Structures are given as C-alpha cells and as structure tokens.
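Colleague: I've got the viewer open and a few things I'd like to go through with you. Can you walk me through it?

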Amino acid sequence: MCTLCDVTVDKDTTPRPARSNGLPPFKAIAAIDEGRGLGMKGDLPWHLPEDLKHFARTTTATREAGRQNAVIMGRLTCETIPAKYWPLKDRRNAVITRNPEWSIEGADVFADLPGALRSLASQVETLYVVGGGQIYRLAVEQDACEELILTRIHKRYECDAFFPEYKDNYELYEKLGEGAHDGVPYSFERWRRKGL
Ligand SMILES: NC(=O)c1ccc[n+]([C@@H]2O[C@H](COP(=O)([O-])OP(=O)(O)OC[C@H]3O[C@@H](n4cnc5c(N)ncnc54)[C@H](OP(=O)(O)O)[C@@H]3O)[C@@H](O)[C@H]2O)c1
C-alpha cells in the first residue's frame, strides 16, 4: 500500500532565471530499479499502477489554474505509449527526434533537447523530461536539470535501457512516500542538483 501520495508541486513561485548555459530550469521524472534499469524491449519492465498514477499526477499538477506543464520525450518512448493514452492529456507533449520528416498528431516535434526546452519554457509552467534512457542522459548532463523525481524500485529487473549515473550530481532532498506492489517495495523521491 502506498503511504504517500500527494503531488510534488513546487511551492516556490519565485521566477527562476535561465542557467548559465542558457537553458531554462527543468526536471526529469523516471522510475528506476536497483541497477538504474528503466526499460526492456520498448516497454516498462514492471507493472506498477501506483507509479503510473504518481507520474500522471506529478506531471499534470500546476500551481496556477489554467496553465499546463510540458512532457518532453524521445521518439522511442513516444512510440511506446498506447494510442488510447496519446497524447498525454492536460499536458503539452513534445518529442525529440533527429528525423526532420517525422511528425505525430498531438505533439510538438524538436530536433534536440535544448531546442525543446527553450521553445516551451515561456509557454508552460514546468518542463518535465520523461524519458527514455537516451533523453534522460542528455537531460542529466545539463546543470539546468535541477531536480529528479525518481520512483526507486527496490528490485533488479532485466533491462536494456538505463537511467544515467546521477548520485555524483544530485542529493536526496525529500522522500515523498513509499509502498509495495506484489511484494516489491518502492519509494517516491526528489533528488536536487547539488549546489543549488
Ligand atoms: N522507467 C521509466 O520511467 C521510463 C520512462 C520513459 C521510457 N521508459 C522506457 O525507456 C525505453 C526507451 O528509451 P530509449 O533510450 O530506448 O529511447 P528514447 O530516449 O525514448 O528515444 C530515443 C530517440 O530519441 C531521439 N534522440 C536521441 N538522442 C537525440 C539527440 N541528441 N538529438 C535528437 N534526437 C535524439 C532519437 O529518435 P530518432 O531515432 O527518431 O532520431 C532516438 O532514437 C523504453 O523501454 C521505455 O519503456 C522508461
């Protein structure tokens, strides 16, 4: 049973300046196992409905009524989302691809992550990078990636997509809750970029 489960809306409403490399501040949200695994054969390696709810609540909630957040994802992650859930509702959907010919209804398409972040920053409340492995890697190497919202699943699964190493640059800031599903324990955590 989950002991949380409130939304992680940041209560700090102070406008944040763009960081030194010119990127606006953003967050990444991911569910990872004990080996930082996050995907297998284009799917999630686990079935964790509490995490899907946590993801939807967190990325949808805004401080200001009438605003939306952006969910920015790689093309492969976009293609794993079943048609009935596409686009992710009540959020601005954005997809990163190197293919200039590629497009999809319901999302803005960008050639790179910095371009997506810069373009969407003024239009949404919070920028969330939502995967997968390739795009998390691009995100976490940026100072502007100020927060990781991690569901840490305390078990190891067979995976072929991984979250990058993050503990050198981030510190645990807040434990939002924990629970277990079919005997598998997990915790919802916020990790903040060191030095902020
Ligand atoms: N556990 C979680 O929280 C979570 C969250 C999301 C996804 N996932 C899982 O992660 C897996 C997918 O992750 P993935 O790493 O294979 O793929 P991905 O990061 O979702 O998407 C990779 C694609 O992004 C584009 N891309 C990558 N780097 C780029 C760059 N520098 N510039 C422009 N475009 C770039 C390319 O698209 P083109 O090939 O079109 O150029 C590339 O094929 C799936 O198994 C999914 O279920 C897990």
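Colleague: Which helix gives the most residues to the shell around the ligand?
Modeller: Bear in mind that this is a predicted model. Strand 1, strand 2, strand 3, helix 2 and helix 4 are the elements that give two or more residues to that shell. The most, 4 residues, come from helix 4.

Colleague: OK, and which residues come nearest to the ligand?
Modeller: There are 28 residues around the ligand. By class, they split into 13 nonpolar, 11 polar and 4 charged. The ones that come nearest are Gly39, Gly74, Gly131, Gly132 and Gly133.

Colleague: What does Val129 touch, leaving aside its neighbours within four places in sequence?
Modeller: Val129 is among the residues with the most contacts inside the largest nonpolar core, which has 41 residues. Strand 1 supplies the largest share of this core, 6 residues. Val129 itself is in contact with Phe26, Ala28, Ile72, Ile135, Tyr136 and Ala139.

Colleague: Which residue stands opposite Ile72 in strand 6?
Modeller: Strand 3 pairs with strand 4 in the parallel sense over 5 bridges, and there Gly74 stands opposite Ile96. With strand 6, strand 3 also pairs in the parallel sense, over 3 bridges. In that pairing, the residue opposite Ile72 is Val129.

Colleague: One last residue. Is Asn169 buried, exposed or partly exposed?
Modeller: Asn169 sits in the loop between strand 8 and strand 9. Leaving aside neighbours within four places in sequence, its contacts are Arg193 and Lys194. A residue needs 20 or more C-beta neighbours within 10 Å to be buried, and 12 or fewer to be exposed. Asn169 has 16 inside 10 Å, so it counts as partly exposed.

Terms used
Residues are numbered from 1 along each chain as its sequence is written. This is a predicted model: local features need pLDDT of at least 70, side-chain atom pairs count only at pLDDT 80 or more; totals for chains, interfaces and linings use all residues. A residue is near a molecule or strand if its C-beta atom, placed from the backbone, lies within 6 Å of it. Ala, Val, Leu, Ile, Met, Phe, Trp, Tyr, Cys and Pro count as nonpolar, Asp, Glu, Lys and Arg as charged, and the others, Gly among them, as polar. A nonpolar core is a set of buried Ala, Val, Leu, Ile, Met, Phe, Trp, Tyr and Cys residues joined through C-beta atoms within 7 Å. Two residues are in contact if their C-beta atoms, placed from the backbone, lie within 7 Å. Two strands pair if DSSP finds at least two bridges between them.
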